[in-house]
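Please read these points with the model open. They go from the overall layout to single residues.

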Amino acid sequence: MNLRATAKRLQQALCLRGRYIQINQRQYYSEKTGRMGTIYTVCESVEGDDGKRHRKVYAESPAFGDVVTALVSLYNGGGD
């Protein structure tokens with residue numbers, strides 16, 4: 001099973017537990033390498049003390065493996 005399939009399954013398992021985790025990706029231009037790169041972000045929308053919704057970022061990395069590691073940590077009860 002590849003990493004994206006593993007991440008999707010972990011994301012679905014967290015949804016069943018009532019945690020709605022988002023995996024976002026954005027691109028940037030690297031002056032150092034001279035090409036485009038991708039950064040993955042694992043975040044959750046939570047309600048703050050003021051009653052507004054805020055994004056809580058758990059991980060931000062150019063490696064998708066770090067996204068899976070963050071999801072496993074959240075699934076095992078970490079990240080709070």
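This is a predicted model: local features need pLDDT of at least 70, side-chain atom pairs count only at pLDDT 80 or more; totals for chains, interfaces and linings use all residues.

1. The protein has two helices and three strands. Along the sequence they run α-β-β-β-α.

2. Overall dimensions. Along the principal axes, the C-alpha atoms fill a box of roughly 40 × 35 × 15 Å. The accessible surface is about 5700 Å². Carbon and sulfur atoms hold 48% of that surface. Of the 80 residues, 26% are buried. Among contacts with a separation of 6 or more, 36% join residues 24 or more positions apart.

3. Helix α2, length. Helix α2 covers residues 64–75, which is 12 residues. At 1.5 Å a residue it should span 16 Å.

4. Helix α2, buried face. Which residues of α2 are buried? They are Phe64, Val67, Val68, Ala70, Leu71 and Leu74. Viewed down the helix axis, these buried residues fall within an arc of 160°, so they line one face of α2. The general rule behind such a pattern is simple: an α-helix has 3.6 residues a turn, so residues three or four places apart point the same way.

5. Cover over that face. What covers the buried residues of α2? The cover includes helix α1 (3–16) and the strands β1 (21–30), β2 (35–47) and β3 (53–61). Just after α2, Gly77 takes a positive phi of about 105°.

6. Salt bridges, count. How many salt bridges does a search of the whole structure find? It finds three. The next three points take them in turn.

7. Arg19 and Glu44. The closest N and O atoms of this salt bridge are 3.0 Å apart. Arg19 sits in the loop between α1 and β1, and Glu44 in strand β2, so the pair ties together parts that are 25 residues apart in sequence.

8. Arg26 and Glu60. These side chains form a salt bridge at 3.8 Å, N to O. Arg26 is in strand β1 and Glu60 in strand β3, so to speak distant parts of the chain, 34 residues apart. Arg26 is partly exposed, with a relative accessible area of 42%. Glu60 is also partly exposed, at 49%.

9. Glu47 and Arg53. The side chains of Glu47 and Arg53 meet in a salt bridge at 3.9 Å, N to O. Glu47 counts as exposed because its 53% relative accessibility is over the 50% cut-off. Arg53 is exposed too, at 51%.

10. Glu44, surroundings. Glu44 lies in strand β2. Its side chain makes a polar contact with the side chain of Arg19 at 3.0 Å. Leaving aside neighbours within four places in sequence, Glu44 is in contact with Arg19, Tyr20, Ile21, His54, Arg55, Lys56 and Tyr58.

11. Thr41. Thr41 is found in strand β2. At 5% relative accessibility, Thr41 is buried. Its side chain makes a polar contact with the side chain of Glu60 at 3.4 Å. Not counting residues up to four places away in sequence, Thr41 touches Gln22, Ile23, Asn24, Arg55, Val57, Ala59 and Glu60.

12. Ala59. Ala59 belongs to strand β3. Ala59 is buried, with a relative accessible area of 17%. The C-alpha atoms of Ala59 and Val42 are separated by 5.2 Å, although the two residues are 17 apart along the chain. Not counting residues up to four places away in sequence, Ala59 touches Tyr40, Thr41, Val42 and Ala70. Ala70 is one of the buried residues of α2.

How values were computed
Residues are numbered from 1 along each chain as its sequence is written. Side-chain values use heavy atoms; hydrogens and water are left out. Helices (H or I, at least four residues) and strands (E, at least two) are DSSP runs, numbered from the N terminus. The expected span of a helix is 1.5 Å times one less than its number of residues. Buried means under 20% relative accessible area, exposed over 50%, partly exposed in between (1.4 Å probe, protein chains only). The arc is that of the directions from the helix axis to the C-beta atoms. Contact means heavy atoms within 4.5 Å. A salt bridge is a side-chain nitrogen of Lys or Arg within 4 Å of a carboxyl oxygen of Asp or Glu. Accessible areas come from the Shrake-Rupley method with a 1.4 Å probe; for residues, only the protein chains shown count as cover. A polar contact is a pair of N or O atoms within 3.5 Å; within protein, one must be able to donate a hydrogen and the other to accept it, and residues adjacent in sequence count only if both atoms are side-chain atoms.
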